[in-house]
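Hello,

Here is the structure I promised to pass on to you.

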Amino acid sequence: MLDLKFVRNNPDVVRQALINKGVSVDLDRILALDVERRQGLAEVEQLKARRNQASKQVGLLKQQGQDASAIIAEMGAIGDRIKELDERGRQVEAELQELLLQLPNIPAPDVPVGEDESGNVEVKRWGEPRRFDFPVKPHWDLGIGLDVLDFERAAKVTGSRFTIIKGGLARLNRALVNFFLDHHVERGYREVLPPVIINTASYYGSGQFPKFKEDVFSLAGTDYHLSSTAEVPLINMHRDEILDESALPIKYAGYSGCFRSEAGAAGRDTRGLIRQHYFEKVEMIQFTKPEDSDRALMEITESAEAILEKLGLPYRRMLMCTGDMGFGQYKKYDIEVWMPSYERYVEISSCSNMSDFQARRANIRYRPAGGKPEFVHTLNGSGLAVGRTLAAIMENYQNADGSITVPEVLRPYFGGDRITQ
């Protein structure tokens with residue numbers, strides 16, 4: 001969340017961020033509540049000072065045998081007014097906090113201004129799409145042909161937009177998870193296997209609530225929700241903590257099943273493995289000092305890209321514009337992999353610098369040498385989404401006979417060089 005003092009002193013900056021990110025929040029109401037809150041606190045302090053003064057006067061009058069009833073009555077009125085102001089103060093504070101949680105992060109100065117994906121800027125491209133000498137099949141047709149993807153039985157077992165993965169493709173799925181984690185551990189990340197059931201405080205801490213609550217599956221009658229990404233538990237591991245400066249940066253790589261309702265996504269890439277209600281992903285997280293977060297974003301982005309290069313999958317890096325970068329991001333890169341049947345690039349990783357936005361919500365600070373605690377910066381990046389990587393391998397490495405060649409780097413994990421069943 002944004003610092004209330006920053007909002008108070010920079011209303012025009014916040015208002016422009018709301019416009020650029022396409023978010024509607026009553027900023028004037030926030031500013032008015034802030035004024036009322038501060039005026040109420042000031043009046044309470046004045047009343048308490050007067051009550052203390054009156055209390056001394058009552059003591060003196062009683063010592064002198066004089067009537068103190070008027071001052072006692074005044075003290076009673078002061079007490080009633082303080083009680084009234086305290087109650088109103090709690091109401092104001094609750095409404096103010098609710099509105100502050102709806103304010104998006106301020107974009108970095110070099111983020112392009114745009115309303116939607118048309119405003120994103122390509123900043124890098126790697127690899128050349130393969131030229132096929134046979135008709136290209138989409139990955140769902142390849143999977144059905146090899147009997148390694150079963151959408152019908154998954155729908156029977158659960159419902160639409162779930163998939164059963166079988167045989168060689170299930171083995172390749174497992175190989176990818178191990179490959180991803182090994183890759184990140186070699187780059188200094190500590191492997192973490194987080195819970196997939198998350199409490200409400202954690203979702204607020206990472207910024208998914210309240211804005212994206214409709215995208216989360218919740219467990220009825222509890223304070224629990226299924227994890228939408230390993231980012232949520234990994235960030236909240238250090239909620240309400242003051243970290244040692246010497247420990248920064250802290251780098252985690254976490255594998256998790258992810259559950260999303262994908263509300264509002266009907267009709268968008270709903271065939272195959274691209275947009276599912278359940279998928280698996282390896283997530284990178286970093287906690288850094290503020291001055292190090294720009295460099296950390298590039299490190300995270302390049303780590304995700306290095307996986308695609310090892311796999312031989314063409315990709316491009318997109319700098320996301322204000323209207324397409326998301327609620328909590330300060331700066332964000334999307335990495336898009338080439339999908340032959342789509343004849344376009346498809347997102348496979350998002351890498352974001354959240355600045356101190358999440359750290360303020362989750363109260364994650366560090367103590368500089370000889371200084372007061374300051375908020376860390378948090379960063380996250382997909383490294384990578386497993387199902388989307390499977391789909392990309394299937395399409396880019398398909399053969400005329402319907403089989404799928406396994407990328408060379410995965411063969412030690414997979415135990416072979418081809419999926420035929």
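**The nonpolar cores**

The largest nonpolar core has 51 residues, and among them L172 and I419 touch the most other members. Helix 7, residues 167-186, gives the most to this core, with eight residues. There is also a second, separate core, with 21 residues that include L2, V14, L101 and L103. Please keep in mind throughout that this is a predicted model.

What does I419 touch, once residues up to four places away in sequence are set aside? The list is L146, V148, G168, L169, L172, S403, I404, V406 and F414. As general background, nonpolar side chains tend to be buried together in soluble globular proteins.

Helix 7 has 20 residues, which should span 28 Å at 1.5 Å a residue, and its end C-alpha atoms are 29 Å apart, in agreement with that. Its buried residues are G168, L169, L172, N173, A175, L176, V177, F179, F180, L181, H183 and H184. After helix 7 comes G188, with a positive phi near 95°.

Helix 10 (residues 293-311) is built from 19 residues; from first C-alpha to last it reaches 28 Å, close to the 27 Å expected at 1.5 Å a residue. Buried along helix 10 are S293, A296, L297, I300, T301, S303, A304, E305, A306, I307, L308 and L311. Helix 10 is followed by G312, where phi is again positive, near 70°.

You will find I393 in helix 12, which covers residues 386-396. Is I393 buried or exposed? I393 counts as buried because its relative accessibility is 0%. Neighbours within four places in sequence aside, I393 is in contact with L172, L176, L311, L313, Q398, I404, T405, P407 and L410. L172 and L176 are among the buried residues of helix 7, and L311 is one of those of helix 10. Between I393 and L311 there are 8.2 Å in space, C-alpha to C-alpha, although the two are 82 residues apart in sequence.

**Aromatic rings**

The structure holds 12 aromatic pairs. In one of them, F132 and F134 have ring centres 5.5 Å apart and planes at 80°, so this pair is edge-to-face. F134 is buried, at a relative accessible area of 15%. F327 and F357 also make an edge-to-face pair, with 5.6 Å from centre to centre and 75° between the planes. Because F327 lies in the loop between strand 10 (315-319) and strand 11 (331-339) while F357 lies in helix 11 (residues 357-362), the pair ties together parts that are 30 residues apart in sequence. F327 and F357 are both buried.

Ring pairs also link F179, F180 and Y413 into a cluster, and F179 and F180 belong to the buried residues of helix 7.

**Backbone details**

F209 turns up again here: a cis peptide bond joins F209 and P210, with omega about 5°. P210 is in the loop between helix 8 (200-206) and strand 6 (224-226). Another cis peptide bond joins L248 and P249, with omega about 0°, and P249 lies in the loop between strand 7 (241-244) and strand 8 (250-259).

D240 is not a glycine, yet its phi is positive, about 60°. D240 sits in the loop between helix 9 (231-236) and strand 7 and counts as exposed, at 56% relative accessibility. E343, which is not a glycine either, has a positive phi of about 60°. Its place is the loop between strand 11 and strand 12 (344-353), and E343 is exposed, with a relative accessible area of 65%.

Best wishes

Conventions: Residues numbered from 1 in each chain as written. Heavy atoms only, no water. Helix = DSSP H or I, 4+ residues; strand = E, 2+ residues; numbered from the N terminus. Buried < 20%, exposed > 50% of the residue type's maximum accessible area, 1.4 Å probe, protein only. Contact = heavy atoms within 4.5 Å. Expected span 1.5 Å × (residues − 1). Core = buried A, V, L, I, M, F, W, Y, C linked by side-chain atoms within 4.5 Å. Phe/Tyr/Trp six-rings, centres within 6.5 Å; stacked < 30°, edge-to-face > 60°.
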